[in-house]
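Visitor: I would like to go through the assignments in this model and hear the grounds for each. Where do we start?

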Amino acid sequence: VTYSTVPYLLCLFCSCLLAAEEGVTAGLLLQCTLGAPPHFLVFSQLYRFCEYLNSKLEDAKLANKRIYYYSSTKADKRANAVFLTAAWSMLYLGRTPEEAWEPFNGTLYPPLPPWHDATPTVCTYNLTVLDTLRGIAAAQRVGAFDLDAFPIEEYEWWEQPSNGDLSWIWHSKILAFAGPHNTRSSHDGYFTLTPEDYIPAFKKW
């Protein structure tokens, strides 16, 4: 796992619900709904999750509140939620991949399913949440990933299919994109672009 895993958006949004009972400290309920569940989350979604959670942790009005994060009971959404929580603890609490995974190790039933890539075929390998956490750690070690310097606006613009459906695996070093094609076309929300569409961006980089 580096800057990109799949070129598709999974539609991440968070909503906050705050409820208070008289005489009881209320919790902050952080709800995360994730679409296209069998696939990887992309790093822009990890960035947005961390940004949102950190904003709540730094909010003085919530200093005495507990934050509860939850997803639906669907296996794929549980896997995404565990990944986001564990990855945040690595990035902001300094945990190792194994330490970040430990609270979930052997405690989840049914077990989390392995990740699936963006292809409509049967996977010939199993990639677990712990594998992806180790990928983040490896990317950080070699300087391929720095969340503080992550170009979020650029990433989110370019990963849109209509803008090129591309993303940096290693910024300024390795680029992945879906194309080019001989002609431009659009069907079922999928865009194909020609070399002429990509060349201006390549010249800029």
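Guide: We start with accessibility: buried means under 20% relative accessible area, exposed over 50%, and partly exposed in between (1.4 Å probe, protein chains only). This is a predicted model, in which local features need pLDDT of at least 70 and side-chain atom pairs count only at pLDDT 80 or more, while totals for chains, interfaces and linings use all residues. Residues are numbered from 1 along each chain as its sequence is written, and side-chain values use heavy atoms, with hydrogens and water left out.

Visitor: Why does Asp-197 count as partly exposed?

Guide: Asp-197 has 25% relative accessibility, so it counts as partly exposed.

Visitor: What makes Arg-184 count as exposed?

Guide: Its relative accessibility is 57%, and the cut-off for exposed is over 50%.

Visitor: Why is the pair of Arg-184 and Asp-197 called a salt bridge?

Guide: The term requires a side-chain nitrogen of Lys or Arg within 4 Å of a carboxyl oxygen of Asp or Glu. In this pair the closest N and O atoms are 2.6 Å apart. Arg-184 lies in the loop between strand S5 (174–177) and strand S6 (185–187), and Asp-197 in helix H6 (residues 195–204), so the pair ties together parts 13 residues apart in sequence. Helices (H or I, at least four residues) and strands (E, at least two) are DSSP runs, numbered from the N terminus.

Visitor: What joins Arg-48, Glu-51 and Glu-156 into one network?

Guide: Salt bridges that share partners do. Arg-48 meets Glu-51 at 3.0 Å, N to O, and in its salt bridge with Glu-156 the closest N and O atoms are 2.8 Å apart. Arg-48 is in helix H1 and Glu-156 in helix H5 (residues 152–158), 108 residues apart. Arg-48 and Glu-51 both lie in H1, three residues apart. The structure holds four salt bridges.

Visitor: Why are H1 and H2 called roughly perpendicular?

Guide: The axes of H1 (residues 43–57) and H2 (residues 75–93) cross at roughly 70 degrees and come within 10 Å. Angles under 35 degrees count as roughly parallel, over 145 as roughly antiparallel, 65 to 115 as roughly perpendicular and the rest as oblique. H1 and H2 are therefore roughly perpendicular to each other. Axes are lines fitted to C-alpha atoms, for helices over the stretch in contact, and angles run from 0 to 180 degrees between N-to-C directions.

Visitor: Which residues make the contact?

Guide: Among them are Leu-46, Phe-49 and Leu-53 of H1 and Phe-83, Trp-88 and Leu-91 of H2; contact means heavy atoms within 4.5 Å.
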